[in-house]
Amino acid sequence: MKIPEKLSICNIPTPIQELGAINPDKGWSNLYIKRDDYTGLETSGNKVRKFEFHLKRAMDQGADVIITCGGLQSNHCRAAASLAARFSMGCHLVLREPDALPDGNYFLCQMFGAEITLISWDRYANSRNEIMFEIGEKYRRKNRKPYIIPEGGSNGLGMFGYYNTYLEILAQEQELGIRFDTICVADGTGGTYSGLYSANELLGGGKQIVGFNVYSRDGAKERVLHILEEGACIAGLGSPISKDNIYQNFDYLGDGYAIVYPKLVDFIRQTARATGIVTDPVYTGKALLGAVSEIAKRNAMFKGNVLFIHTGGQFGIFPRRELFM
Ligand SMILES: *Cc1c(COP(=O)(O)O)cnc(C)c1O
């Protein structure tokens, strides 16, 4: 097992806290939260753990401009813009939305000085990679060295961010004297889930790794399989990682990515009031609602010690403020 080299740019280990106040069935299940929203401020959330690997490779290749893409309120793109500024690199973002008010993450991307190309939902769905490639070619013609990072930073390289997080959790289990039976996380582009899942499989951790999908049912499993395959190849594994224990839950996705529903809005507000923790309507709110609801249903997968990873996303709540007022 060969883990690629990386930078050290995250505030880690992130703390693990008990989340008793919103646990509907204490004793049957103990709910904990790992604060990956504390990995940084401008770089808050899960994406910076993937960027440790991407930026190391980009720098090794002499890149001087990062190109990546995402939704208008992409946490990944905001982290990219901040990190590029920090390392004196250029940053060119391809964002999905033809026109928009500067707020939340999109506002911060501008604050960090990123170049931004806005495209339609249709072009984003069908040709974002070609568009990033063409932008890269433009930089090359100006003697710049672009480095393209896929949506969400999720590929076989970025996956190692959450492979390492799994190791971090194992060390914290020793310190805390707790063994987590289940780890659950919001599943978007699949990189976070794949990293946790691969470590659990390869190290024989025997935990249940649950991905609450917030992205789309279509292609969700294929995304994870593809990342696992790439990751196994990068790590020089002789045999593929077993697919048998992949568990993605779609019950809290609602009508699709970033689409909210009344129960979710109530849950986010109640959670904030009961715990002092802010979750976001796109990722962590849906996933934490999932974890709490599955405990309430006594789903056997959620019996015992359950660790929810808060993957960040709080800046995304500001453009949606009206939902909560
Ligand atoms: C991107 C993101 C996720 C999902 O991570 P993936 O690796 O894309 O599956 C979860 N939570 C937040 C806040 C995110 O920004």
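This is a predicted model: local features need pLDDT of at least 70, side-chain atom pairs count only at pLDDT 80 or more; totals for chains, interfaces and linings use all residues.
1. Residues are numbered from 1 along each chain as its sequence is written, and side-chain values use heavy atoms, with hydrogens and water left out.

2. How many residues surround the ligand? There are 16, and the closest are K47, K50, T189, T192 and T311 (a residue is near if one of its heavy atoms lies within 4 Å of the molecule). By type, the shell has eleven polar, three charged and two nonpolar residues; Gly counts as polar here, and Asp, Glu, Lys and Arg as charged.

3. Which elements supply at least two shell residues each? They are helix 1 (47-60), strand 7 (182-187) and helix 6 (191-202). Helices (H or I, at least four residues) and strands (E, at least two) are DSSP runs, numbered from the N terminus.

4. Now the polar contacts (pairs of N or O atoms within 3.5 Å). An oxygen atom of the ligand has a polar side-chain atom of N46 at 3.0 Å. From the backbone, G188 places an N or O atom 2.7 Å from a ligand oxygen, and a polar backbone atom of G190 is 2.9 Å from a ligand oxygen. The ligand exposes 380 Å² when taken alone, and the protein buries 98% of that (areas by the Shrake-Rupley method with a 1.4 Å probe).

5. Two backbone spots deserve a look. The peptide bond from I12 to P13 is cis, with omega near 0 degrees, and P13 is in the segment before strand 1 (16-18). S88 isn't a glycine, yet its phi is positive, near 55 degrees; you'll find S88 in the loop between helix 2 (75-86) and strand 4 (90-96).

How values were computed
A polar contact is a pair of N or O atoms within 3.5 Å; within protein, one must be able to donate a hydrogen and the other to accept it, and residues adjacent in sequence count only if both atoms are side-chain atoms.
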